[in-house]
Amino acid sequence: PDQVAANITQELRNRVSSTPKYRMVPGRDLVEVKLVFSCPDEAASCMASAAKSLGAAKLLFGSVRRGGNDGYLVTLKMLD
């Protein structure tokens with residue numbers, strides 16, 4: 001669900017920006033990043049090139065899906 005994903009994204013951005021030694025670069029939607037950088041999927045090599053172009057040393061991305069019992073399955077990946 002879009003609103004759940006947006007809330008999780010905002011909370012992650014808040015946490016990262018308040019963590020010492022981390023600096024946020026302007027956030028982009030994963031679909032937009034994949035489209036702009038012609039990444040057909042989330043392959044590490046393509047996503048690393050996208051991160052470098054955005055000025056990021058690390059890239060955090062993932063997905064949110066409905067899980068059982070009215071819950072959600074959140075999958076996060078961090079590319080260094």
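Q: Before anything else, what counts as a helix or a strand here?
A: Both are DSSP runs, numbered from the N terminus: a helix is a run of H or I with at least four residues, and a strand is a run of E with at least two.

Q: OK. Where is K21 found, then?
A: K21 is in the loop between α1 and α2.

Q: Is K21 buried or exposed?
A: K21 counts as exposed, because its relative accessibility is 88%.

Q: And what is phi for K21?
A: Phi of K21 is near 75°, which is positive although K21 is not a glycine. For context, most residues other than glycine have a negative phi.

Q: Do the two strands run parallel or antiparallel, and how many bridges join them?
A: Strand β1, residues 59-66, runs antiparallel to β2, and eight bridges join the two.

Q: Which residue in β2 is opposite L59?
A: L59 stands opposite L79. Further along the pairing, S63 faces T75 in β2.

Q: Switching topic. What is the confidence like?
A: This is a predicted model, and its average pLDDT is 87, with 100% of the residues scoring at least 70.

Q: How many disulfides does a search of the whole structure find?
A: The search finds one. The disulfide is formed by C39 and C46, and their sulfur atoms are 1.9 Å apart.

Q: What kind of bond is a disulfide?
A: A disulfide is a covalent bond between the sulfur atoms of two cysteines.

Q: Which handedness does the link of C39 and C46 have?
A: The link is left-handed, with -90° about the S-S bond.

Q: Are the two cysteines buried or exposed?
A: C39 counts as buried at 5% relative accessibility. C46 also counts as buried, at 16%, because the cut-off for buried is under 20%.

Q: How about the surface: which residues form a nonpolar patch?
A: The patch is made of Y22, L60, Y72, V74, L76 and M78, and together they have about 550 Å² of accessible area.

Q: Which strand gives the most to that patch?
A: Strand β2, residues 72-79, gives the most, with four residues.

Q: Where does Y22 come in?
A: Y22 belongs to the loop between α1, residues 2-17, and α2, residues 30-36. Its relative accessible area is 39%, so Y22 is partly exposed.

Q: On to charges. How many salt bridges are there?
A: The count comes to four salt bridges. One of them joins the side chains of R15 and E11, at 3.0 Å from N to O.

Q: How many residues apart are R15 and E11 in the helix?
A: They are four residues apart in helix α1, so about one helical turn separates them.

Q: Which side chain does D80 meet in a salt bridge?
A: D80 meets K58, at 3.1 Å from N to O. D80 lies in the segment after β2 and K58 in the loop between α3, residues 44-54, and β1, so this pair ties together parts that are 22 residues apart in sequence.

Q: How accessible are D80 and K58?
A: D80 counts as exposed at 72% relative accessibility, while K58 is partly exposed with a relative accessible area of 33%.

Q: Which residue does E42 pair with?
A: The side chain of E42 meets that of K34 in a salt bridge, 3.6 Å from N to O. E42 itself counts as partly exposed at 32% relative accessibility.

How values were computed
Residues numbered from 1 in each chain as written. Predicted model: local features only at pLDDT ≥ 70, side-chain atom pairs only at ≥ 80, totals over all residues. Heavy atoms only, no water. Disulfide = S-S within 2.5 Å. Buried < 20%, exposed > 50% of the residue type's maximum accessible area, 1.4 Å probe, protein only. Patch = residues over 30% accessible without salt bridge, like charges linked within 9 Å, V, L, I, M, F, W, Y side chains within 5 Å. Areas by Shrake-Rupley, 256 points an atom, 1.4 Å probe, with all protein chains shown as cover. Pairing = 2+ DSSP bridges. pLDDT = per-residue confidence, 0-100.
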